[in-house]
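This briefing is intended to be read beside the sequence and the coordinates.

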Amino acid sequence: MDKFEQAFNELIEKELKIEPRDWMPEKYREHLIRQVSQHAHSEVIGMQPEGNWLLRAPSLRAKQVLLAKIQDEGGHGLYLYSVAETLGISRQEMIEQLHTGKAKYSSIFNYPTLNWADIGAVGWLVDGAAITNQVSLQKTSYGPYSRGMVRICKEESFHQRQGYEIMMQMAFGTPEQKEMAQDALNRFWFPALMMFGPHDKDSAHSSQAMKWKIKIESNDQLRQKFIDHTIKQIEYLGLTCPDPNCKWNEETGHYDHSPFNWDEFWNVVNGNGPCNQERLDHHKKAHNDNKWVREAAAAYALKTEAQVA
Amino acid sequence: MKITIENKDAMSVIRLADTSVILAQRLAEMCSNGLTLEEDIALSNISLDLFGRADELYKIAARIEGNKFTPDEYVFHRNEREYYNIKLVEQPNHDFAWVIARQLLHDIYAKELFTQLSTSSNHEVAGLSQKVLKEIKYSYMHSHDWTNRLGLGTAESNERMQRALDHLMKYVDELFNFDELDKKFIPDPEKLKAVWFSEVDKILGESNLKRNAVAPPSMRDFREGFHSEHMGHLLSIMQFLPRAYPDAKW
């Protein structure tokens with residue numbers, strides 16, 4: 001072990017932050033680029049399922065709140081692309097990796113939003129699951145990622161409240177609205193729980209990431225925290241948890257859950273979810289259709305810079 | 001539900017509110033379709049300002065009308081022929097040049113209109129106008145900058161921008177066919193027209209673009225609730241939920 005690696009290990013040991021100019025193992029850098037770019041792409045692709053209801057948002061207030069929320073997600077994408085850039089990859093490269101399928105994004109966004117309550121369920125469950133993970137990531141060992149997470153968490157907790165507000169409106173509304181709320185919960189419950197990733201014993205990247213303190217708590221720990229917290233909210237709404245085995249366990253002090261359908265999870269991760277193709281095509285189309293605009297902006301910048309010079 | 005608008009001042013305010021909400025809805029369509037994340041966020045911001053402006057204007061109109069209807073009822077429960085926005089803002093986002101050309105033509109109009117209204121004898125309208133002028137100046141800066149970039153960028157961007165302008169210009173004529181309500185509500189309608197043409201010509205001139213003459217369009221006026229075919233589609237999407245579930249609260 002050379003002195004650089006020793007210094008790196010000491011920083012991790014003391015729970016101090018690794019900064020962009022510090023020496024870091026190549027694998028640490030690769031792991032972070034993969035994780036942060038995946039996180040950035042998730043924020044950006046996540047704009048689509050919510051955008052699906054933006055034009056149909058049923059009140060002026062709902063429209064403004066949802067548009068502001070989706071705009072925040074775009075802003076999070078920007079922070080995170082910037083974090084990844086400090087590790088030596090450009091935004092353009094990351095977008096290419098997204099388009100070729102080399103880079104992934106959270107699989108949850110491959111599920112469709114089919115009724116207005118889904119917008120509530122996405123804020124409540126999907127952002128809720130994301131926050132559980134992100135609160136933990138505020139302590140991650142890479143400085144820029146950790147600081148980015150502090151800002152992102154502030155906005156995400158507002159998003160979760162926004163989602164829950166819609167769920168309340170729907171669950172306490174007309175019978176048709178309540179039905180939409182239950183339908184949304186039924187469809188998003190298991191996919192949201194699987195967002196935390198495979199069980200600890202099956203998680204390929206987890207153990208090294210925990211040694212490096214990129215990850216602070218394990219997939220299963222975070223998932224359990226989320227379930228315990230959310231069941232009470234389901235009860236308050238007067239809705240039914242779609243998992244009949246989700247019951248309080250005196251011995252463990254936690255709620256139990258049924259085994260997850262990991263075949264479905266991997267099938268969606270591997271490209272066969274309800275909207276994988278649509279999400280990527282949408283992103284590619286917006287990017288490619290506007291190539292002429294980016295070219296115009298670049299040409300204009302060159303001309304005006306030449307004038308200044 | 002049949003929405004009525006009795007008072008003439010309320011009608012003048014409704015026209016402004018309708019123009020704001022329809023343009024906001026059009027810009028919201030651009031969300032997740034921006035050329036970069038930065039531009040996506042910018043267009044969302046302008047859309048948010050317009051939704052907020054519409055909301056405040058509907059509240060003023062509702063108060064004049066004795067609060068018979070809420071802002072949401074004005075937005076979600078009127079049909080095409082009961083909407084009084086300028087046709088320019090309902091035109092589709094054919095490409096980014098259309099988005100920018102529509103915005104530029106609108107922003108120059110809105111900037112002078114709300115400048116004049118900031119001295120309106122209606123104190124609520126005057127107060128709101130002073131506030132929204134700040135937002136309009138940002139939007140105008142954005143549409144002005146992009147007009148420069150597209151006009152002077154590449155041959156393709158210049159051509160696309162010119163095509164968009166040539167098409168959208170036919171919806172300009174009606175802006176200045178002032179009726180009695182306008183003459184009462186807008187402090188100086190003729191100045192509005194003069195300022196609009198001089199500013200548009202200046203910006204297009206500096207951007208290597210032209211304001212080509214348009215044959216006088218044979219089209220009925222927005223003040224009587226006439227629209228292009230695009231309007232019905234926009235409303236059918238926007239109003240779907242409150243129309244499908246009239247008993248629900250959102």
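**Backbone and loop positions**

With 9 C-beta neighbours inside 10 Å, Asn67(B) counts as exposed, because the limit for an exposed residue is 12 or fewer. The model is a predicted one.

- Asn67(B) sits in the loop that joins helix H2 (37-64) to helix H3 (71-76) of chain B.
- The phi angle of Asn67(B) is near 50 degrees, which is positive although the residue is not glycine.
- Most residues other than glycine have a negative phi.
- Glu15(A) also has a positive phi, near 60 degrees, and is likewise a residue other than glycine.
- The loop between helix H1 (3-13) and helix H2 (26-45) of chain A holds Glu15(A).
- Glu15(A) has 10 other C-beta atoms within 10 Å and is therefore exposed.

**Chain A as a whole**

- Chain A contains 13 helices and two strands.
- Its radius of gyration is 21 Å, close to the 19 Å that the globule rule gives for 309 residues, so chain A is as compact as a globular protein of that length.
- Along the principal axes, the C-alpha atoms of chain A occupy a box of roughly 65 × 50 × 35 Å.
- Buried residues make up 43% of the 309 residues of chain A.
- Among contacts in chain A with a separation of 6 or more, 73% join residues 24 or more positions apart.

**Contact between chains A and B**

- On the side of chain A, 38 residues are in contact with 40 residues of chain B.
- Helix H3 (47-54), helix H4 (60-85), H8 and helix H13 (291-308) of chain A are the elements that each give two or more residues to this side.
- H4(A) supplies the largest share, twelve residues.
- By type, the residues of chain A that touch chain B divide into 19 nonpolar, 13 polar and six charged.
- From chain B, Thr154(B) is in contact with Glu295(A), Ala296(A) and Ala299(A), leaving aside neighbours within four places in sequence.
- Thr154(B) is placed in the loop between helix H5 (123-152) and helix H6 (155-168) of chain B.
- Thr154(B) counts as partly exposed, because it has 18 C-beta neighbours inside 10 Å.
- From Thr154(B) to Leu235(B) there are 81 residues in sequence and 36 Å in space, C-alpha to C-alpha.

**Packing of H7(A) and H8(A)**

- Helix H7 (residues 143-171) and helix H8 (residues 175-194) of chain A pack with their axes 7 Å apart, at an angle of about 135 degrees.
- The two helices are therefore oblique to each other, because an angle over 145 degrees would be needed to count as roughly antiparallel.
- H7(A) contributes Met167(A), Met170(A) and Ala171(A), which meet Gln177(A), Lys178(A), Met180(A) and Ala181(A) of H8(A).
- Five of the residues in this contact are nonpolar, one is polar and one is charged.

**Nonpolar core**

- The largest nonpolar core has 147 residues, and the members that touch the most others are Met167(A), Val13(B), Ala61(B) and Ala101(B).
- Helix H4 (residues 96-117) of chain B gives the largest share of this core, 14 residues.
- Beyond its neighbours within four places in sequence, Val13(B) is in contact with Leu57(B), Ile60(B), Ala61(B), Ile64(B) and Val125(B).
- In soluble globular proteins, nonpolar side chains tend to be buried together.

Conventions
Residues are numbered from 1 along each chain as its sequence is written. Chains are lettered from A and ligands numbered from 1 in the order in which they are written. This is a predicted model: local features need pLDDT of at least 70, side-chain atom pairs count only at pLDDT 80 or more; totals for chains, interfaces and linings use all residues. A nonpolar core is a set of buried Ala, Val, Leu, Ile, Met, Phe, Trp, Tyr and Cys residues joined through C-beta atoms within 7 Å. A residue is buried if 20 or more other C-beta atoms lie within 10 Å of its own, exposed if 12 or fewer, and partly exposed in between; C-beta atoms are placed from the backbone. Helices (H or I, at least four residues) and strands (E, at least two) are DSSP runs, numbered from the N terminus. Two residues are in contact if their C-beta atoms, placed from the backbone, lie within 7 Å. Axes are lines fitted to C-alpha atoms, for helices over the stretch in contact, and angles run from 0 to 180 degrees between N-to-C directions. Angles under 35 degrees count as roughly parallel, over 145 as roughly antiparallel, 65 to 115 as roughly perpendicular and the rest as oblique. Ala, Val, Leu, Ile, Met, Phe, Trp, Tyr, Cys and Pro count as nonpolar, Asp, Glu, Lys and Arg as charged, and the others, Gly among them, as polar. The radius of gyration is taken over C-alpha atoms; the globule rule is 2.2 Å times the number of residues to the power 0.38.
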